[in-house]
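Dear colleague,

I am passing on to you the structure that we spoke about, and below it you will find a description of what was found in it. Please read the text with the structure open beside you.

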Amino acid sequence: MDTHVETLIVGAGQAGLALSRHLTDRGRDHVILERHRVAERWRSERWDSFRLLTPNWLTRLPGMAFDGADPDGFMTRAAIVEFLETYARSFHAPVRSGVTVRRVRRDTDHWVVETDGQRWRAANVVVATGHHDQPRIPRIARALPHGVTQLHTSRYRNPAQLPHGGVLVVGAGPSGQQIAEELARAGRRVVIAAGRHRTLPRRYRGRDTHWWMQQMGAFDRTIDSLADPQAVRSTPAFVLAGGRTDLDLRRLVANGVIPTGRLAGVMGSTAWFADDLAATVAAADRNRQAFSASVDDFVARSGVAAAHPEDAPPPPGSWAHRTPRQVQLDRTGIRSVVWATGFRQSFDWMDRYAPWGLQIGEIVLPDRFAFAGRSIGEVGIRSRVGCSVIGIERQSFTISNPGPSSHLFPGDRLLVLGTDEQINAARGYLLADRAVDGGDDTFRDLAVELAEIERDLGDLTGLRFAVTPGFVDVR
Ligand SMILES: Cc1cc2nc3c(=O)[nH]c(=O)nc-3n(C[C@H](O)[C@H](O)[C@H](O)COP(=O)(O)OP(=O)(O)OC[C@H]3O[C@@H](n4cnc5c(N)ncnc54)[C@H](O)[C@@H]3O)c2cc1C
């Protein structure tokens, strides 16, 4: 039997819990389904020495803020887990742990949420499964020799976990740089292949960088206020580490790490690198300069008390210009690769068109099919009832992207995309035993058509369905 709830939240990370707190305060019926435990990402997807790069004073959620002894410190993994657990307990967050959401689909005016054990019906669904969901590992990984151990940062724990020998770290975002430094300090030979990243000073003009960000309103901006949210999502991460000093490739080089350009390919046991390190470092530094300039400007405008500006670091040494273009993994003793290549979101369990209220419906054409032998264009399903034919299954084959000239015959199984109402209307129209002049469907590339449908219906997403924005600060 289905369980009814007004709002169902998927995921008990900080975003799911924060929303739960707001709903609790307003006495609204809701539940959080979490496939593992509260704060799971911090428990099982971060390395042992991990520390937040946001300072403790910034760790605050609706109704609860850090109030420990060291506001300028940086939480360990265990401390974050404890903070979030305490938070969940503080208002009896209705978390069901160990429940994986397997499917979300739309059913007229409700969402149907299927889990491994139970089925829920909810008026609202909030997907709070986080931006850092599935490890993103480039295809190149498949070309590495079998003997090389590979793991993603979300599975990295400590240097002892890796076989003896050198390590290639791919990616120079905060995780890649922090892990490269830890490995070098543990005595490993480390090569870091640097892709796009942004550097920031840990502190500037006497304050932590996050303090300036807060003063300048960076944390008040919401994803929907941005002109191009997608561009922001693809902006490379900025590199910081929990502590009081800067982290950048200069510091890694001083610790013995060998930087290279982007990993471009692997052939046999040779890894090839692009000749782009100098440009990458220059671009990363430009971000730092832009940030410092924006703080200087803010200080001048607001009159807020600030120390004198520090000098920017000197340009990188010759190491940025004379980088190895290829490394023989076997000869240099590199026996493992850490992929610090980020994450992607995965919504495999969500019907692709569910957020827009669209479904894929099936219509089997009867023997007495009034439009038998006519083409889709002539029948005009889209122009008449607004849903699109996205596939035709015939006894012996499937047409996965039918065009206007594809003909329809009795026994065909049509896959149509539309709202429930549109699909029902299409069914009624096609199954009527008398053909009406339809006609005149203008067909474009299916992908373009779907993108248009998604754009037209995109406004609906804010009403009943939400995916929490990519980066929700612990605050
Ligand atoms: C290496 C690293 C360092 C970071 N450092 C910082 C930092 O210093 N400061 C900071 O503010 N942020 C930091 N972040 C970002 C921070 O981790 C995220 O912003 C935060 O975790 C997002 O919270 P969330 O609640 O949206 O998602 P998450 O914390 O990812 O929580 C999502 C939850 O959903 C659950 N879930 C997923 N799929 C399902 C399903 N199908 N059914 C049921 N449950 C499901 C997961 O188990 C998880 O518990 C860091 C991220 C990374 C990767």
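By class, the residues that form the shell around the ligand divide into twelve nonpolar, twelve polar and six charged ones. Please keep in mind throughout that this is a predicted model. In total 30 residues surround the ligand, and the closest of them are Gly11, Gly13, Ala15, Leu52 and Gly130. Three elements, α1 (14–25), β2 (30–34) and α2 (40–44), each give two or more residues to that shell, and the largest share, three residues, comes from α1.

Helix α1 has twelve residues, and from its first C-alpha to its last it reaches 16 Å, which is close to the 16 Å expected at 1.5 Å a residue. Its buried residues are Gln14, Ala15, Gly16, Leu17, Ala18, Leu19, Ser20 and Leu23, and what covers them includes β1 (3–10), β2, β3 (60–61), α3 (77–90) and β8 (119–127). After α1 comes glycine 27, whose phi is positive, near 65 degrees.

Another of the residues closest to the ligand, Gly130, is found in the loop between β8 and β9 (134–135).

Turning to the sheets, five strands form an open sheet in the order β10-β21-β11-β12-β17, with parallel pairing. At its edges stand β10 (149–152) and β17 (258–260), each with a single partner strand, so one side of each is left without a neighbour in the sheet. From one strand to the next the twist averages 20 degrees. The partner of β10 is strand β21 (residues 334–339), with which β10 pairs in the parallel sense over four bridges, and within this pair histidine 152 has tryptophan 339 of β21 as its bridge partner. Helix α4 (residues 174–185) lies across β11 (166–170), β12 (190–193) and β21, and runs at about 170 degrees to β12.

A further open sheet is made of three strands in the order β18-β19-β20, and here the pairing is antiparallel. In this sheet β18 (263–267) and β20 (326–328) stand at the edges with a single partner strand each, so one side of each has no neighbour in the sheet. The twist in this sheet averages 20 degrees from one strand to the next. Strand β19 (residues 270–273) is joined to β20 by three bridges, the two running antiparallel, and threonine 270 has glutamine 328 of β20 as its bridge partner.

For the chain as a whole, the secondary structure comes to 13 helices and 27 strands, and 35% of the 475 residues count as buried. Among contacts between residues at least 6 apart in sequence, 75% join residues that are at least 24 apart.

With best regards

Notes:
Residues are numbered from 1 along each chain as its sequence is written. This is a predicted model: local features need pLDDT of at least 70, side-chain atom pairs count only at pLDDT 80 or more; totals for chains, interfaces and linings use all residues. A residue is near a molecule or strand if its C-beta atom, placed from the backbone, lies within 6 Å of it. Ala, Val, Leu, Ile, Met, Phe, Trp, Tyr, Cys and Pro count as nonpolar, Asp, Glu, Lys and Arg as charged, and the others, Gly among them, as polar. The expected span of a helix is 1.5 Å times one less than its number of residues. A residue is buried if 20 or more other C-beta atoms lie within 10 Å of its own, exposed if 12 or fewer, and partly exposed in between; C-beta atoms are placed from the backbone. Two residues are in contact if their C-beta atoms, placed from the backbone, lie within 7 Å. Two strands pair if DSSP finds at least two bridges between them. Axes are lines fitted to C-alpha atoms, for helices over the stretch in contact, and angles run from 0 to 180 degrees between N-to-C directions.
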